[in-house]
Each structure stands twice: as C-alpha cells, then as structure tokens.
Amino acid sequence: MTQLLERTSERVSFDDLEIGEIALDLDDQEPEDVIEWGLSTFGDRIAIVTALQADGMAILDMAVKIKPDVRVITVDTGRLPQETYQFIDEVRAHYPRTQWDVLFPEATEVEAMVQRRGVNLFRNSVEERMLCCQIRKVRPLVKALQGLDAWFTGLRRDQWASRAAIKKVELDHDHEGIVKINALADWEGDEVEAYLKENGAPVHPLYAQGFTSLGCAPCTRPIQQGENDRAGRWWWETGAPKECGIHCPIETGSFEHEAQAIFAEAERRSAR
C-alpha cells in the first residue's frame, strides 16, 4: 500500500482510462483499503462529505484509524433535526483530531428563495423541492468540492436505482472531474450496522426511532415496514428521484430558471 502522504499541495488528477484501471484494481478490496488508497493518494486534498448517516460514520471511523486528522465536511442547511445538531457535537468529541468544515447556504439566497416561494416551498412541487435542496445543500457543497481533488461518500449500490452502478472509485464529471470514492459501494446496510456496533462508532439517535435515511427535518420521516431505506425522504412525491442533486444531477428546466432568478435577487440584496 502506498505510503500515506501527510501533506499534498499539488493537485492530483486522473483521466478516465487511469481511474478505470484503478477502479478495477480496487473493486474487490475492503473499504479500509480503498480509503487508505484515497488518503495516500490525495493527502489533505480529500475530505469525507457526510450528513452523519450510518454509512458516512463507518467511512469516518475507518478513515480516522488511518489518518486521525482527516477532513470532514457537512452542511447545516438550517432545517436539520435538533438531534443532528447534537450528534455533530458528539461525533466531533468522539474523533477530536478530525478537521471539520460545517458549511452553510448563502443567507441572501435563502432569504430570496423564501421571499419568493415561502419557507415550506418544498411541499409545493418536485421542482420547488429540488430548488430548496439546491439552495440549502447542493450549492454550498459544490463550492467546497471546488477546493478538493477527491471526496469520500457513503454511497452504496443497494440504496436506490440511481446508485446501482456506482464504482468504488470514479471520476466525478459533475464536479470538475475530481475523484469520488465510494468505499462502501458493495456493502449492504446490515454490514454497515455490524461494523458500527463492532467498532463502537457513534450512531445517529434517529435510527432508533425508525429513520433509515437522514436529511432536513421537514423532509425526512421513519419508514414503514417493507419500505426501501430511502422511502422516508420526500415521501409525498410520486415518481421523483430520491436525490437532492449532489450525487445525481437533476435537470427539469423550471427549477434551474427559478434558481437563476434567486441568485440574481440575492446579488441585488448583497449589493444594497
């Protein structure tokens, strides 16, 4: 295994052929080996991006054992459950050397969106829900990813149809071709649960209340027996992807148009 780099100042990038060969080499490797490859290759230019869900916690626990001061990025959308805020503090205390970036949406963009569409616009239509996700979560993350060469996700192939073909290592062409590392791609939920239990890693308290996917408070509920793990996200929608847009770009035409209007209004508000 490549020796771990403590500091990497130069950008590290791969082309499609190179990353394809690496993905083949790593596809049958354990998550810890994939994570070590990522940390060794990208040094400080890689971060774990997590909403503190079980998968992200497993990635974090594995990474800390290799690099205790690993970078961690999460987004405070302003609508998170109180339990998540408390859990962030718990996780930071559990892994005291980790380096956290807690991102926030642009206040002027949130203000412009709420003024135009209301505070609970996500209930009106799929397009307005996607708009809310875009302003509150996707845009802060996109800006943060622009400063990285790679990111760790907690994505698994069994979570949803849109994730069934993910590779453990792939180029993220939606975010300037940086490398996206899905070390748990071939794991299932019970393997993640077993890992967390065996390693004493923190577990978000809402799992004990029947939640299986965690997001903003108004957009997440516990699932019913027999439902898919992501069925508790935006459950009032029919036929819409269970995605916010960060992992699976969504284009409808209408919400992008409204987003541009909000960005313009936010700029006007900032210029006052």
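Buried means under 20% relative accessible area, exposed over 50%, and partly exposed in between, with a 1.4 Å probe and protein chains only. The model is predicted: local features need pLDDT of at least 70, side-chain atom pairs count only at pLDDT 80 or more, and totals for chains, interfaces and linings use all residues. Residues are numbered from 1 along each chain as its sequence is written, and side-chain values use heavy atoms, leaving out hydrogens and water.

**Exercise 1.** Find which residues of helix α5 are buried and which are exposed.

*Solution.*
Step 1. Helices are DSSP runs (H or I, at least four residues), numbered from the N terminus; α5 spans residues 107–117.
Step 2. Glu109, Val110, Ala112 and Met113 are buried in α5. They lie on the same side of α5 because they cover an arc of only 165 degrees around the axis, the arc being that of the directions from the helix axis to the C-beta atoms.
Step 3. Ala107 and Gln115 are exposed on the other side of α5.
Step 4. Gly118 follows α5 and has a positive phi, near 95 degrees.

**Exercise 2.** Describe how β6 pairs with β4 and with β5.

*Solution.*
Step 1. Strands are DSSP runs too (E, at least two residues), and two of them pair if DSSP finds at least two bridges between them.
Step 2. β4 (residues 150–152) and β6 (residues 178–181) are parallel, with three bridges; Trp151 has Lys180 as its bridge partner in β6.
Step 3. β5 (residues 169–172) runs antiparallel to β6, with four bridges; Val169 stands opposite Ile181.
Step 4. Five residues separate β5 from β6 in a hairpin, and Glu176 in the turn has a positive phi of about 60 degrees.
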